[in-house]
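User: I have not seen this one before. Can you walk me through it?

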Amino acid sequence: MVKRLKVWMYKEGEEPLVHAGPLKDIYAIEGQFIAEMESLTNPFAASRPDEAHAFFVPVSVTNIVEYVYGHPVVTYSRDRIQSLVGDYVAGVADKYPYWNRSNGADHFMVSCHDWVRPSSPI
């Protein structure tokens, strides 16, 4: 029996699209979760990917909408989000065996933005 869930967070990517999210507004759970996962005191963080039970994909859909689509948003097409998330997943799938061993079934991302579900390969 697993006594403590261990989660590996992929290190690839750069802020603001990954490894960062809003910390105040209605979509703040993305940023708060990413910050907690990156915390040095996180008891759930796996120190090595081979000890993880689950894998966190640290993409911020809210930041993608803000930085890629801009203000005001003139299109609600999900093509850019699908492309960015798909490229990120393809990159980690090429680099690590973990995505491929389960076809992503043990991977997750956190978003409270309604654009994520149709955009996510996860």
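**Strands, rings and charges**

Analyst: Strands S1 and S2 run parallel and are joined by three bridges. Strands pair if DSSP finds at least two bridges between them. Strands (E, at least two residues) and helices (H or I, at least four) are DSSP runs, numbered from the N terminus. This is a predicted model, where local features need pLDDT of at least 70, side-chain atom pairs count only at pLDDT 80 or more, and totals for chains, interfaces and linings use all residues. Residues are numbered from 1 along each chain as its sequence is written, and side-chain values use heavy atoms, with hydrogens and water left out.

User: What is the strand order in the open sheet?

Analyst: The open sheet has three strands in the order S1-S2-S3, with parallel pairing. S1 and strand S3 (107-108) are at the edges with a single partner strand each, so one side of each has no neighbour in the sheet.

User: Which residue in S2 does Met 9 stand opposite?

Analyst: Met 9, which lies in strand S1, stands opposite Phe 56 in S2.

User: Is Met 9 buried or exposed?

Analyst: Met 9 counts as buried, at 4% relative accessibility. Buried means under 20% relative accessible area, exposed over 50%, and partly exposed in between (1.4 Å probe, protein chains only).

User: And what is Met 9 in contact with, leaving aside neighbours within four places in sequence?

Analyst: Met 9 is in contact with His 19, Met 37, Glu 38, Phe 56 and Pro 58. Contact means heavy atoms within 4.5 Å.

User: Switching to cores. Which residues touch the most other members in the largest nonpolar core?

Analyst: Tyr 10, Val 59, Ile 81, Val 85 and Tyr 88 do, in a core of 22 residues. H2 (61-69), H3 (79-95) and H4 (98-102) are helices that each supply at least two residues of this core. The largest share, six residues, comes from H3. Another core lies apart from it and has seven residues, including Met 9, Ile 34, Ala 54 and Phe 56. A nonpolar core here is a set of buried Ala, Val, Leu, Ile, Met, Phe, Trp, Tyr and Cys residues joined through side-chain atoms within 4.5 Å.

User: What cluster do ring pairs make with Tyr 10 and Phe 55?

Analyst: Ring pairs link Tyr 10 and Phe 55 with Tyr 96 and Tyr 98 in a cluster.

User: Which rings have a charged end over them?

Analyst: One is Phe 44, where the charged end of Arg 4 is 5.8 Å from the ring centre. Arg 80 also lies over the face of Tyr 69, at 5.1 Å from the ring centre. The rule asks for NZ of Lys or CZ of Arg within 6 Å of the ring centre and within 35 degrees of the ring normal.

User: How many salt bridges does the structure hold?

Analyst: There are four salt bridges, each a side-chain nitrogen of Lys or Arg within 4 Å of a carboxyl oxygen of Asp or Glu. One joins Glu 12 and Lys 95 (2.9 Å, N to O). Glu 12 is in the loop between S1 and H1 and Lys 95 in helix H3, so this pair ties together parts 83 residues apart in sequence. Glu 12 counts as buried at 18% relative accessibility, whereas Lys 95 counts as exposed at 54%.

User: Which residues are linked in a network of salt bridges?

Analyst: Arg 48, Asp 50 and Glu 51 are.

Note on methods:
Phe/Tyr/Trp six-rings, centres within 6.5 Å; stacked < 30°, edge-to-face > 60°.
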